[in-house]
Amino acid sequence: MCLSPVKGAKLILIFLFLGAVQSNALIVNLTDSKGTCLYAEWEMNFTITYETTNQTNKTITIAVPDKATHDGSSCGDDRNSAKIMIQFGFAVSWAVNFTKEASHYSIHDIVLSYNTSDSTVFPGAVAKGVHTVKNPENFKVPLDVIFKCNSVLTYNLTPVVQKYWGIHLQAFVQNGTVSKNEQVCEEDQTPTTVAPIIHTTAPSTTTTLTPTSTPTPTPTPTPTVGNYSIRNGNTTCLLATMGLQLNITEEKVPFIFNINPATTNFTGSCQPQSAQLRLNNSQIKYLDFIFAVKNEKRFYLKEVNVYMYLANGSAFNISNKNLSFWDAPLGSSYMCNKEQVLSVSRAFQINTFNLKVQPFNVTKGQYSTAEECAADSDLNFLIPVAVGVALGFLIIAVFISYMIGRRKSRTGYQSV
């Protein structure tokens with residue numbers, strides 16, 4: 001039975017539609033007469049496998065839509081549990097419960113319900129009706145502490161895989177104000193923690209976060225190249241291959257951060273005039289690459305947004321919506337094998353290695369003919385020039401040798 005909100009409680013539920021990305025960040029702020037009594041911010045999606053009428057299994061991924069309801073959410077008190085309930089239309093609902101103890105509160109009974117009778121969401125499903133999956137996890141958080149977890153927490157509860165990330169949560173808020181005291185999940189506590197992932201590429205070296213101002217700096221290794229692909233339904237709509245190195249100067253302290261594809265998640269989506277690739281891991285809450293169409297003829301990288309955590313625990317947040325990088329004709333890809341520097345702001349640059357992207361008009365899941373960057377074009381131009389010069393010197397050397405040999409031959413004849 002759904003809990004009703006406590007008397008006088010108000011609920012503010014905000015869905016942040018992040019560009020064209022295929023998930024929404026939710027912010028729930030339950031309030032009572034004292035102020036905020038429950039605060040939660042998070043992202044989630046669910047991958048569900050079900051049997052179809054043609055005796056095959058079909059797998060779908062459900063993300064939070066931009067429209068949802070929150071009937072039954074409540075603040076709770078010393079006697080009653082708090083609860084957040086989210087409804088995704090007719091087909092899907094989700095709930096989590098919080099119980100207050102003497103010195104802490106528990107996060108428990110995370111329940112997902114989905115109705116396979118909805119043929120729009122579950123086309124061709126054999127078993128019609130409501131199915132419920134309960135997550136047995138139980139987290140304990142001290143009172144007056146906000147729980148944070150930027151890593152992706154994955155729970156495989158067959159036939160459903162649940163994923164949660166970007167979590168900022170405090171139940172039973174004291175004195176109406178969200179606490180500044182934090183408890184960080186284990187997955188976020190060390191830079192080299194391997195977090196559960198949504199998509200992965202080939203294994204590679206661990207993520208490095210290296211101050212560049214050390215007395216005896218060691219060269220930062222070149223980042224591992226990752227392969228990223230976004231699908232629109234059953235069709236690949238965006239391809240990206242690149243090694244990424246983030247150069248950050250926060251309060252005059254420079255850091256170099258190599259993105260490790262093996263521990264990095266990616267999502268995104270494609271629209272007729274825009275496309276987005278989002279990366280995140282235990283240090284990066286999000287790194288967005290947003291592409292746009294220009295004059296109906298070309299595409300380019302228009303926007304980069306980043307929110308991440310530095311080695312000292314501070315947050316770093318930069319957004320630039322007026323970029324003009326990686327310009328190429330529609331129907332082609334953009335390629336730059338040499339190291340390229342994208343200056344997003346004075347404090348943030350991205351170095352790319354072995355870059356190749358195609359955010360529009362992908363055919364058969366493969367890259368189209370590439371337009372090369374100027375650095376690669378110069379290299380390709382210099383190679384034949386160098387070969388030509390070498391051949392020229394070789395011809396001159398042969399000619400000189402021939403002339404010297406001919407002169408010696410004439411001298412020999414005169415002696416006879």
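Does Cys237 count as buried or exposed, and at what relative accessibility? At 11% relative accessibility, Cys237 counts as buried, where buried means under 20% relative accessible area, exposed over 50% and partly exposed in between, with a 1.4 Å probe and protein chains only.

## Basis of the report

This is a predicted model, in which local features need pLDDT of at least 70 and side-chain atom pairs count only at pLDDT 80 or more, while totals for chains, interfaces and linings use all residues. Residues are numbered from 1 along each chain as its sequence is written, and side-chain values use heavy atoms, with hydrogens and water left out.

## Overall composition

Of its 416 residues, 47% are buried. Among contacts between residues at least 6 apart in sequence, 56% join residues at least 24 apart, a contact being heavy atoms within 4.5 Å.

## Disulfides

The structure holds 4 disulfides, each defined as a pair of cysteine sulfur atoms within 2.5 Å. With bonded cysteines counted along the chain, their pattern is 1-2, 3-4, 5-6, 7-8. The table includes three of these links.

| Disulfide | S to S distance |
|---|---|
| Cys37 to Cys75 | 1.7 Å |
| Cys149 to Cys185 | 2.1 Å |
| Cys237 to Cys270 | 2.1 Å |

Cys37 and Cys75 are joined by a disulfide, and this pair links distant parts of the chain: Cys37 belongs to strand β3, whereas Cys75 is in the loop between β4 (57–63) and β5 (82–88), 38 residues apart. Both Cys37 and Cys75 are buried.

Cys149 is bonded to Cys185. Cys149 lies in strand β10 (residues 146–149) and Cys185 in the loop between β13 (182–184) and β14 (208–211), so the pair ties together parts that are 36 residues apart in sequence. The torsion about their S-S bond is about 70°, so this disulfide is right-handed. Cys149 is buried, at a relative accessible area of 0%, and Cys185 is buried at 6%.

The disulfide of Cys237 and Cys270 runs between two strands: Cys237 is in β16 (residues 235–250) and Cys270 in β18 (residues 265–270), so parts 33 residues apart in sequence are tied together. With 80° about the S-S bond, this link is right-handed. Cys270 is buried, with a relative accessible area of 12%.

## Nonpolar cores

A nonpolar core is a set of buried Ala, Val, Leu, Ile, Met, Phe, Trp, Tyr and Cys residues joined through side-chain atoms within 4.5 Å. The largest core has 47 residues, of which Trp42, Ile84, Trp94, Phe98, Phe122 and Tyr164 touch the most other members. Strand β3 (residues 35–51) supplies the largest share of this core, 8 residues. A second, separate core of 43 residues includes Leu277, Trp326, Val344 and Phe348. In soluble globular proteins, nonpolar side chains tend to be buried together.

Tyr164 deserves a separate description. Apart from its neighbours within four places in sequence, Tyr164 is in contact with Trp42, Glu43, Met44, Phe46, Trp94, Ile110, Ser151, Val152, Leu153 and Tyr155.

## The cavity

The count comes to 1 cavity of 30 Å³ or more. On a 1 Å grid over the protein atoms alone, a cavity is a set of points where a 1.4 Å probe fits but cannot get out, and lining residues have an atom within 4 Å of a point. Grid points are joined across faces, edges and corners, and a volume is the space filled by probe spheres set on the points.

About 230 Å³ of space lies in the largest cavity. Its lining comprises 17 residues, with Ile107, Ile110, Tyr164, Ile167 and Leu169 nearest the centre. At least two lining residues come from each of β3, β6 (92–100), β7 (104–115), β11 (153–157) and β12 (160–171); the largest share, 4 residues, is from β12. By class, the lining has 15 nonpolar, 1 polar and 1 charged residues, where Ala, Val, Leu, Ile, Met, Phe, Trp, Tyr, Cys and Pro count as nonpolar, Asp, Glu, Lys and Arg as charged, and the others, Gly among them, as polar.

## An exposed loop residue

Pro272 lies in the loop between β18 and β19 (274–280) and is exposed, with a relative accessible area of 68%. Leaving aside neighbours within four places in sequence, Pro272 is in contact with Val293 and Phe360.

Technical notes: 1 Å grid on protein atoms, 1.4 Å probe; cavity = no way out; pocket = protein on both sides within 12 Å on 5 of 7 lines; lining within 4 Å.
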